[in-house]
Amino acid sequence: MLEFKFDTQLLIEGKGLDEDVINDYFTQNLKGDCLLAVGDEDLIKIHFHTNEPWKVLEYCASLGEIYDIVVENMERQENGLQG
């Protein structure tokens, strides 16, 4: 049984994006692990394991345009099913 079952990945396109600020927000406000927030002031790649992917999408959408969104259920994958 996984503690955080949804692998959430997306890109954020915007202006003045700051990966340190985004990292801090995630660690202080969202429950999960395996955080990766990398990029530059115009484009950030997010990877995060959580049980509440909608909160990740909501926050990221507040920063800019989000796209290439992937949310996979890792428990299903672990059981040999489509994620």
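In which strand does Glu-65 lie? Glu-65 belongs to strand β4, residues 65-73. The model is predicted, so local features need pLDDT of at least 70 and side-chain atom pairs count only at pLDDT 80 or more, while totals for chains, interfaces and linings use all residues. Residues are numbered from 1 along each chain as its sequence is written, and side-chain values use heavy atoms, with hydrogens and water left out.

**View 1. A patch of negative charge on the surface.** Glu-13, Asp-40, Glu-41, Asp-42 and Glu-65 gather here. Asp and Glu count as negative, Lys and Arg as positive, and His and the chain ends are not counted. A patch is made of residues with over 30% relative accessible area and no salt bridge, like charges being joined within 9 Å. Each charge is placed at CD of Glu or CG of Asp. Glu-65 is exposed, at 51% relative accessible area; exposed means over 50%, buried under 20%, and partly exposed in between (1.4 Å probe, protein chains only). Strands are DSSP runs of E with at least two residues, and helices are runs of H or I with at least four, numbered from the N terminus.

**View 2. The salt bridge between Lys-55 and Glu-52.** The closest N and O atoms of this pair are 3.4 Å apart. A salt bridge is a side-chain nitrogen of Lys or Arg within 4 Å of a carboxyl oxygen of Asp or Glu, and by this rule the count comes to one. Lys-55 is partly exposed, at 34% relative accessible area, and Glu-52 is also partly exposed, at 26%.

**View 3. Glu-75, a buried residue in helix α3.** The helix spans residues 74-78. Glu-75 is buried and has no salt bridge; Lys-5, the nearest side chain of opposite charge, is 4.1 Å away. Apart from neighbours within four places in sequence, Glu-75 is in contact (heavy atoms within 4.5 Å) with Met-1, Leu-2 and Lys-5.

**View 4. Arg-76 and Asp-18.** Arg-76 is also placed in helix α3 and is partly exposed, with a relative accessible area of 38%. Arg-76 and Asp-18 are 58 residues apart along the chain, and their C-alpha atoms are separated by 33 Å.

View 5. Cys-34 is not a glycine, yet its phi is positive, about 60°. Cys-34 lies in strand β2, residues 32-39, and is partly exposed at 46% relative accessibility. Asp-68, in strand β4, has a positive phi near 50°. At 52% relative accessibility, Asp-68 counts as exposed.

Definitions and conventions
Patch = residues over 30% accessible without salt bridge, like charges linked within 9 Å, V, L, I, M, F, W, Y side chains within 5 Å. Areas by Shrake-Rupley, 256 points an atom, 1.4 Å probe, with all protein chains shown as cover.
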